[in-house]
Amino acid sequence: MAAPAFVYDPRYHTFESWAALMCEAYAAQQLQIGVSEENWKEWAAGLKGIDVFQSEAIPGPYVFENWQDWAEAVVGAVNPRN
């Protein structure tokens, strides 16, 4: 059985550091590493498309103005509520 999806809290991170954590957590998915903040939407679309997130209600990145708002929405959709 596959491990449940988990998304790191993006607060207090730059896009680059948060994306690096996500790339490490999902290394088997071969997400693009070293993406700059200018290209966050394309990278986010790739994250949304990996198999572990297919059953999650992750919003598409193209409706968000910035990566922080999108990442917070992803955390809300994926991580268990405390």
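Hi everyone, let me start with helix H3, where Trp67, Trp70, Ala71, Val74, Val75 and Val78 are buried, meaning under 20% relative accessible area with a 1.4 Å probe and protein chains only, while exposed means over 50% and partly exposed lies in between. Viewed down the axis of H3, these buried residues fall within an arc of 145°, so they line one face of the helix; the arc is taken from the directions from the helix axis to the C-beta atoms.

A word on the model: it is predicted, so local features need pLDDT of at least 70 and side-chain atom pairs count only at pLDDT 80 or more, whereas totals for chains, interfaces and linings use all residues. Residues are numbered from 1 along each chain as its sequence is written, and side-chain values use heavy atoms, with hydrogens and water left out.

Now the overall picture. The protein has 3 helices and 0 strands, running α-α-α from the N terminus. Helices here are DSSP runs of H or I with at least four residues, strands are runs of E with at least two, and both are numbered from the N terminus. Of the 82 residues, 34% count as buried.

Back to H3. This helix covers residues 67-78, and its 12 residues reach 16 Å from first C-alpha to last, close to the 16 Å expected at 1.5 Å a residue; that expected span is 1.5 Å times one less than the number of residues. Asn66 caps the N-terminal end, with a side-chain oxygen 3.1 Å from the backbone nitrogen of Gln68.

What do the buried residues of H3 pack against? They pack against helix H1 (15-25) and helix H2 (40-48).

That brings us to the largest nonpolar core, which has 24 residues. By nonpolar core I mean a set of buried Ala, Val, Leu, Ile, Met, Phe, Trp, Tyr and Cys residues joined through side-chain atoms within 4.5 Å. Among those with the most contacts inside this core are Trp18, Trp43 and Trp70. H1, H2 and H3 each supply at least two residues of the core, and H3 gives the most, with 6 residues.

Do have a look at Trp43. Beyond its neighbours within four places in sequence, Trp43 is in contact (heavy atoms within 4.5 Å) with residues including Phe15, Trp18, Met22, Leu31 and Trp70.

Most residues other than glycine have a negative phi. Tyr12, in the segment before H1, has a positive phi of about 70°, and Tyr12 is exposed, at 84% relative accessible area. Gln30, in the loop between H1 and H2, has a positive phi near 55° and is exposed too, at 70%. Thanks, everyone!

Note on methods: A polar contact is a pair of N or O atoms within 3.5 Å; within protein, one must be able to donate a hydrogen and the other to accept it, and residues adjacent in sequence count only if both atoms are side-chain atoms.
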